[in-house]
Amino acid sequence: MASSGLPSRTFHRHRLPSSAPSHPSREACVPCCLTGAVSRRRAALQLLSAGFLTAVSPPPPSLAARRGRIVVPPEDYVTAPDGLKYYDLVEGKGPTAEKGSTVQVHFDCIYRGITAVSSRESKLLAGNRSIAQPYEFIVGSLPGKERKRDFADNANGLYSAQAAPKPPAAMYTITEGMKVGGKRRVIVPPELGYGKKGMSEIPPDAPFELDIELLEAASPAEK
């Protein structure tokens, strides 16, 4: 067979040595500027696992603080003659509520950061609409007496205290001494709260916080 005159080409395959890696190692891919960050992270994890960072870490805020409520230390509460503990969040500047005064208040019963009972969620008799209806009662009177009064037709519709949230018994006495415009927080024990039945989210035999805002106060002579 005649030769074409072109030089022959022979291809040879060269196998790489087995000791040479097929790809660069991960350590070689890490930039030198990140080695310090990695080492600091490892050191922080080691300190955290050893318990050294827990002492300097700030404690998580309470539920009340996260919701913007004022947190009152237990030692700041004042003890009333009947044993109730209270703290004046705001000092009022108006007339003083005394025993026998007819007052209007807004009240909120708070259990573990949850508002369970509130005068700001009163129900109208016509329909299910809620209104912020102030609660009216006589300071020092028997709890619940005012809930039997007649219906009243106000700007919001037909309303009666029977349809309003039931306040705890502690509110009828601890309001004495407050001034109009003032706000008071009370620690209510079960016997002056909702007792063995509970109310809404407040379980039976449970203490809770009571926030009172005094809106109006009329002395017995004025009435």
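A: A salt bridge is counted here when a side-chain nitrogen of Lys or Arg lies within 4 Å of a carboxyl oxygen of Asp or Glu. The model is predicted, so local features need pLDDT of at least 70 and side-chain atom pairs count only at pLDDT 80 or more, while totals for chains, interfaces and linings use all residues. Residues are numbered from 1 along each chain as its sequence is written, and side-chain values use heavy atoms, with hydrogens and water left out.

Across the whole structure, the search finds five salt bridges. One of them joins D211 to R185, with the closest N and O atoms 2.8 Å apart. This pair links distant parts of the chain, since D211 belongs to strand β11 and R185 to strand β10 (residues 183-188), 26 residues apart. Strands are DSSP runs of E with at least two residues, numbered from the N terminus. D211 counts as buried at 14% relative accessibility, and R185 is likewise buried at 3%; buried means under 20% relative accessible area, exposed over 50%, and partly exposed in between, using a 1.4 Å probe and protein chains only.

Another salt bridge is formed by the side chains of R120 and E213, at 3.2 Å from N to O. Here too, distant parts of the chain are linked: R120 sits in the loop between β4 (114-118) and β5 (122-123), and E213 in strand β11 (residues 208-218), 93 residues apart. R120 counts as partly exposed, with 34% relative accessibility. Together with D108, the residues R120 and E213 are linked in a network of salt bridges.

A further salt bridge brings together the side chains of D205 and K196, at 3.7 Å from N to O. D205 is partly exposed, with a relative accessible area of 44%, whereas K196 is exposed at 67%.

The aromatic rings come next. The structure holds five aromatic pairs. Rings of Phe, Tyr and Trp (its six-membered ring) pair if their centres lie within 6.5 Å; planes under 30 degrees apart count as stacked, over 60 as edge-to-face and the rest as tilted. The rings of F107 and Y135 have centres 5.8 Å apart and planes at 90 degrees, so this pair is edge-to-face. The two residues come from distant parts of the chain, F107 from strand β3 (residues 102-111) and Y135 from strand β7 (residues 135-138), 28 residues apart. F107 is buried at 0% relative accessibility, and Y135 is buried at 1%. F107 and Y135 form one aromatic cluster with F137 and Y172.

Conventions. Helix = DSSP H or I, 4+ residues; strand = E, 2+ residues; numbered from the N terminus.
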